[in-house]
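Trainee: Could we go through this structure together? I would like to learn how the terms are decided.

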Amino acid sequence: MTGILIYLIILLITAFLSPYLIRKGGKIAPWLLGMVSAGGFAYLLGFAGFIADGNSLNYTIEWLPELYLNFSLYLDGLSLFFALLVTGMGALVLVFSGNYMKPYAMKHRFFFLILLFEFAMLALVLSGNLFTLFIFWELTSVSSFLLVGFNHEKPEARNAALQALLITVAGGLAMMAGFIMLGQIAGTLEINQLLKSGDLIRNHPHYLPVLLLILAGAFTKSAQFPFHFWLPGAMQAPSPVSAYLHSATMVKAGIYLLMRLSPVMGGTPEWKYILTITGAVTMILGGYFAYSQTDFKKVLAYTTISALGTLVLMLGIDTDISIKAAIIFLLVHALYKGALFMIAGLIDKSVGSRDLRKIGGLNKVMPVAALAAIISLLSMAGLPPMIGFIGKELIYEAKFALPDIGNLLLIAGVLTNVIMVAISLALIFNLFLGPLKYPGERPTRPAFALRVGPSLLAGISLIFGLFPARVADFLLSPAIKSIRPSIDSIKLSLWHGFNEVLLVSFITVAAGVILFLLYRKVNHILTHFNNEVITFRFADAFNKILNGFLFLTKRKTSFIQSGYQRFYLMAIFIMTSVLAWYQLIFTWPEIENVSFSQPAIYEFVILLLIVSSAMVAVFVRSRLAAILSLGSVGYGIGLLFIVYGAIDVAITLMLAETLVLVLFMVVIYHLPKFTEFSSKASRLRDGAIALLVGSFMTGLVLKAGQLNLNPKISDFYVENALPLAHGSNIVNVILVDFRALDTLGEITVLVIAAIGVVALLKLKTKKGSAT
Amino acid sequence: MEVLLAIVIGLLYAAGVYLLLRRSIVKLILGIMFFSHATNLLIFVAGGLHKGKPQFASDGLTAVSANPTDPLPQALILTAIVIGFGITAFFLALMYRFYQATGTEDLDELKEGENK
């Protein structure tokens, strides 16, 4: 298992080195990168025998075991199956990209991103801990974002990239919440532990929320309805990206997660219904929209959505045969769709267009590619002797075996497959056979590097179809067993004998041929119908919601962040006093019961002096009068301190007050006269706020008066002033001895303030800034 | 007396808030000074009110219970007054510079100046 970890690290390092390699290495560089990927494929294939014997490998580096966070790798039949898919496809795509990306100036960046994705995807399927999985899951989303937006000078590409990112990341976030809850329930996030605690999780009261959260992640990633619309948008990416991320691997991450968690969370009615319905709807919609597309890549994108729906549907049916069908169909789909996307890129490159109405008869210019495409399309149509036929037969069989809703699903499945047959035939006869058509110059023969990937994949489709049993024993049955250990062996063959499944297959093909013959007519009507009647577009709706959200945020920000100081202050004052009043109301009865001392007449006079001076300071229009009255407020407070025996405080206050007055006098004649800036209404509003705060402070003082202070702290100072500090003025002793460090801090503040004052007054105004 | 003082403190805070919400920067400073007065008084009242001459340790005091005037809040207020003075002085200088540099005492102009 350490070997696999080392391989992952090698892959990551390769990703970081790839830009230099591509710049310096010339033609050979993509082949070298492909070799790294192929090496991983070969190395992982070496584990196949070991895994097929029923073993699994686990490797854990503890990270934060208290929170169930570990870096773990886990290899069993399922992860091996996916890992082989990722590395195998990766090698072919890298070689393909070497030629395809030649004209791009930023191709070195492309190789870095696609290798980074390969690393993330491989680590994702090999993760042994759901949090490790989550991290790499997000890394695949990010690299997908960068790759979809690779042609970033095109606004559509940027928009599509953002859409794909927002949807998959939002789903990923929900999924993380689901993982956290799952960890709380099961006490572990290690996959090999979770596999054993399925019953505990299924019977837990929080099962449904956990399921919904995790499904949100899986469905967004795997483009299930109603999140499917990001996938056609993602076709803005260069073709190798579409072949690799958006058909063969990344969109299968959601399927992988569902397969992985199927033994843990599957089998319940909730699981069955949600997956079956979502899968079926996605399957039909994908097929329907694929039919009327004119862009080759868009056709492939919608058929991919349809295939992903089929996979989810199969996992939802959740019987032995449907699990088998899911694994086989996954392989089938990866093989033919990977090949077809590469061919789409190849056509785009040599013809200069992907418009199905403008191109035709390509077998005359690119016979090898056309043959590969035809084989792949036959597999997509589910015709023998391709492996696609076996996949489709198993899907039918799974639906037949279902008692109640099986018939309905069967009809949906047949409909979808009829469309697939028609699309495949239309592509074969219009695009690759028939009279030669091209929009611009005569297409050139594609380079060898472009042909090798699709040809190899098409060849595998054919060979697997002819000899399915070998593949099944070696690769598929361990994968199926790790989803459902009870399945002993799977027998795959092209010929099942005459039965109902074969009959349905015949009907499908016949209907598909009829639909193909009517292709032009039906297509015309459908295009019309789609454009005129179905005006609702998911991608547009999403953009509208996003823009609305941004608009609201902007409004909210400009409302809260007004930029005017007094509005910030207002918000603080109002919020604080309202919250504090809320608290004070509960303690009000206690305050009322406390007895207070009677005021003497001279105290009354002092209070009156303070209040009247304050009123003058607030409302007077003369600056001088305002400052002087404020001074008399200060002196009044000083008098109060004297009355209550705080002689030191009184002296300090009087001194400070006098100094402030003097300073004010110095500045005041350099300042303008008071001007009324605000309206009467706003003054009334401010007055109300002021009274709200003031009344709260009054309540606070009353509340403070009846608190039982702890006298021990003060007692310490009183007791020790003379014996320890040798001073009898306790207040002074506290300041200069017991809390001398605080006083030092206070002096420092004063010094800083003094430096500030000097700096401000001495500073010369720069020319131009003064008005 | 405590009730009356509480009301006075409340009024001082109200005056401070009202002035802080003005647009004139001079009034802003007055508001801050009101705040520091009110807060000093608040701490003082919270420590308990006891009339009489100041008490000294040399009078043979050993505990607050014997001498009702608590020295600790007084020490705190002393510090607060000095710091408050420092802030006011700095603020005055700042205001002076502000007026010199901008030619206005209207705080709202700060915002408008930013948009220019």
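Trainee: Where do D199(A) and R202(A) lie?

Mentor: D199(A) and R202(A) both sit in helix α9 (residues 198-202) of chain A, 3 residues apart, about one turn of the helix. Helices here are DSSP runs of H or I with at least four residues, strands are runs of E with at least two, and both are numbered from the N terminus. This is a predicted model, where local features need pLDDT of at least 70, side-chain atom pairs count only at pLDDT 80 or more, and totals for chains, interfaces and linings use all residues. Residues are numbered from 1 along each chain as its sequence is written, chains are lettered from A and ligands numbered from 1 in the order in which they are written, and side-chain values use heavy atoms, leaving out hydrogens and water.

Trainee: What makes D199(A) and R202(A) a salt bridge?

Mentor: A salt bridge is a side-chain nitrogen of Lys or Arg within 4 Å of a carboxyl oxygen of Asp or Glu. The closest N and O atoms of D199(A) and R202(A) are 3.4 Å apart, so the pair meets that rule.

Trainee: Why is D199(A) called exposed, and why is R202(A) called partly exposed?

Mentor: Buried means under 20% relative accessible area, exposed over 50%, and partly exposed in between (1.4 Å probe, protein chains only). D199(A) has 55%, so it is exposed. R202(A) has 23%, so it is partly exposed.

Trainee: What about D355(A) and K358(A)?

Mentor: Their side chains meet in a salt bridge at 4.0 Å, N to O. D355(A) has a relative accessible area of 14%, so it counts as buried, while K358(A), at 45%, counts as partly exposed.

Trainee: Which parts of the chain does the salt bridge of R484(A) and D318(A) link?

Mentor: The side chains of R484(A) and D318(A) meet at 2.8 Å, N to O. This pair links distant parts of the chain, 166 residues apart: R484(A) is in the loop between α21 (468-483) and α22 (500-517) of chain A, and D318(A) is in the loop between α15 (296-317) and α16 (320-351) of chain A. Both R484(A) and D318(A) are buried. There is also a network of salt bridges linking D295(A), D348(A) and R354(A).

Trainee: How do you know how many residues of chain A and chain B are in contact?

Mentor: Contact means heavy atoms within 4.5 Å. By that rule, 101 residues of chain A are in contact with 87 residues of chain B.

Trainee: What is the area buried between chain A and chain B?

Mentor: Buried area is the accessible area (1.4 Å probe) that two parts lose on being put together, summed over both. For chain A and chain B this is about 8,700 Å², of which carbon and sulfur atoms give 77%. In chain A, Y644(A), F677(A) and L760(A) lose the most area to chain B, together 9% of what that side buries.

Trainee: And what does chain A look like as a whole?

Mentor: Chain A has 32 helices and 2 strands. Of its 771 residues, 55% count as buried. Its C-alpha atoms fill a box of roughly 115 × 60 × 55 Å, taken along the principal axes.
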